Amino acid sequence: MNGQPLLRIEKVSKRFGGLQALLNVDFDLPQGQILGLIGPNGAGKTTLFNCISGVYAPEEGQVVFQGQDITGWKPYHVAHQGLARTHQIVQPLEELTVLENVMAGSCFGHERRSLTEAKTIADEVLPFVGLAERRDELALSLNVAQKKRLELARALAARPLLLLLDEVLAGLNPTEIDEMVEVVRQIREQGVTILIIEHVMHALMNVSDRVVVLDYGELIAEGTPDQVANDPKVIEAYLGDPKMAERLMGEE
Amino acid sequence: MKQLRNPGLWLALAITAAFGLWPALAGNKAYARETTFTILRAVAFASSLNILLGYTGYVSFGHIVFYGLGGYVGFYLMDVHGVHLALAVLAGGLSAALLAFLLGTAILRLRGAYFALATIGVNEAMRAFIKNFDPFGGPIGMTLNFQVYNDYGGANQALWTAYITTALLTLVVVLVSYLVKTSRFGLGLMAIRENEDAAEVMGVNAPSAKTWAYVLSAVFPGMIGVLFFFKNGNVEPGDAFVLHQSIESIVMVMLGGQGTVLGPVLGAAVYQRLRGILLVSTLFKNIQLVVAGVLLLVIVLFVPAGVVGWLRARFPRLRRVLV
């Protein structure tokens, strides 16, 4: 399978009633890269994640993972192939302990480990995301930042080939953002390919090898962080967003 | 098997065994046997239901359908074809499992209240079907020829055989409940209970896990049904598919603590005792179900985790013993 990208999105379209959420989205993600996915609110970023991870089936186009067409597969089959994700709105298994949450990721994800092995893996992953002390507490007792790290730990425990991160930095303070960015870098060093949605621009631009930009469901730009930041189409897309305009002005 | 060394498992088994041994020690043995039989039946039923309700988070209002169907199938085999009780019990369990498998594939796609409603419909449909199904005796049901008991050493001996089998079976149910809870399969079920969408994204094959949980929760009620109606000597639609027994089982699970192994054991025993007391009291004998309703309401409002769940949350040190 050398030479072919780990993940290929081929002309993927998804419609919700009258809303065209995704239209002919097309890009490749080579093995080992961190690809940033940006775009204004409602651009279709999370919808694209849902189409990749099997939560939605796209109406047109194909999602090819490791050379295999996984379009329309059930989420659990996609997960078994080696994909793991975090959610923008955290989805912890609240009445289970932090340890059990992470073990579940290992038991049912890519490698489908036994309970004993899963426990060992969870105990490796928890210190990595800084949740070792909360191991035996119920997931509902965590704060939002910790729940985000729990989502990440759960996804990592599956030992995925491809990790989809949906706004893991949102709602974190600057110190927490720096810590999380460092964690993401270390994950990549372990050989995991990453597709990341992020609104915290400076962090995303910092960590990504390449960035693709969605606007109204269409891919409008693709390139290195620098190329994308200076792309007139991207600036235009974001000028619709008053906050982003301010941010751009502030930088000049 | 490291998980078998958990003191909580042995506590639950010891309590169940203590119920089972009670008639051997009691003064009036036959009376104690009949009382304990209903308690054991309730424990087995509640522990089975707990696999679906407590671990998987799916409320089944019509779980009694498995008890009724299993009972009917086993009874039919004994009555018409002269099959031995042991085989009839297995056949009752298998037919309940098969029904659960078919139903699970169809209605476990529904979530929450829709699933609960569908289970009521299934029970009512099954009762109507059996009522009109002539091989099973239609509305009159079937009555065992007294001669059948001779194969088991006479009626009295047969009652004890049925009782002992029920006691052993109840121990098996408690053990299975514990093994499910502490297994990888059980972790998957609890992930579904907490958040089915997230569980699927994590890789839990929810449709398959839910169906097997449903099947597992149906097998033992089916087997107990055969034993009960064998002991009873007759079976009819009105006795086999009693919807309010389903609901009382939910009360037992909720009272003891849904999602725990010990909870349904205690909940069933306490509720069944309470029911026995109410049934002979002049004030409550006609309205004992009202007490069940009020009890359920109080639990849901104030102690949704049930007694064992509350104790676990309140005294974390007890968690090792109260699984």
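In chain A, 66% of the contacts with a separation of 6 or more are between residues 24 or more positions apart. Keep in mind that this is a predicted model, with an ipTM of 0.90 and a pTM of 0.92.

**Overall build of chain A**

- Chain A has ten helices and ten strands.
- Its radius of gyration is 18 Å, close to the 18 Å the globule rule gives for 252 residues, so chain A is as compact as a globular protein of that length.
- As for burial, 45% of the 252 residues of chain A count as buried.

**The open sheet S2-S1-S4-S5**

- Four strands of chain A make an open sheet, in the order S2-S1-S4-S5, and the pairing is antiparallel.
- Which strands stand at the edges? They are S2 (19-29) and S5 (68-69) of chain A, each with a single partner strand, so one side of each is left without a neighbour in the sheet.
- S1 (residues 7-16) of chain A pairs with S2(A) over seven bridges, in the antiparallel sense.
- Two of the residue pairings here: Phe16(A) has Leu19(A) in S2(A) as its bridge partner, and Lys14(A) has Leu22(A), also in S2(A).
- S1(A) and S2(A) form a hairpin with two residues between them. In that turn, Gly17(A) has a positive phi of about 55°.
- Helix H1 (residues 45-53) of chain A lies across S1, S2 and S4 (60-65) of chain A. Relative to S2(A), H1 runs at about 65°.

**Strand S9 and its partners**

- Is S9 (residues 210-215) of chain A largely enclosed or left open? Five of its six residues are buried, so S9(A) is largely enclosed by the rest of the structure.
- S3 (residues 34-38) of chain A runs parallel to S9(A), and four bridges join the two strands. One of the pairings puts Leu37(A) with Val212(A) in S9(A).
- S10 (residues 218-223) of chain A runs antiparallel to S9(A), with five bridges between them.
- Asp215(A) stands opposite Glu218(A), which belongs to S10(A).
- S9(A) and S10(A) also form a hairpin, again with two residues between the strands. Tyr216(A) sits in this turn and has a positive phi of about 45°.

**Where chain B touches chain A**

- The contact takes 23 residues from chain A and 14 residues from chain B.
- On the chain B side, the elements giving two or more residues are helix H7 (184-194) and helix H8 (196-202) of chain B.
- How many residues does H7(B) give to the side of chain B that touches chain A? H7(B) gives six, the most to that side.
- By class, that side of chain B has seven nonpolar, four polar and three charged residues.

**Confidence**

- Chain B has a mean pLDDT of 93, and 100% of its residues reach 70 or more.

Key. Residues numbered from 1 in each chain as written. Chains lettered and ligands numbered in written order. Predicted model: local features only at pLDDT ≥ 70, side-chain atom pairs only at ≥ 80, totals over all residues. Rg over C-alpha atoms; globule rule 2.2 N^0.38 Å. Buried ≥ 20, exposed ≤ 12 C-beta atoms within 10 Å, placed from the backbone. Contact = placed C-beta atoms within 7 Å. Pairing = 2+ DSSP bridges. Nonpolar A, V, L, I, M, F, W, Y, C, P; charged D, E, K, R; others polar. pLDDT = per-residue confidence, 0-100. Axes fitted to C-alpha atoms, helices over the stretch in contact; angles between N-to-C directions.
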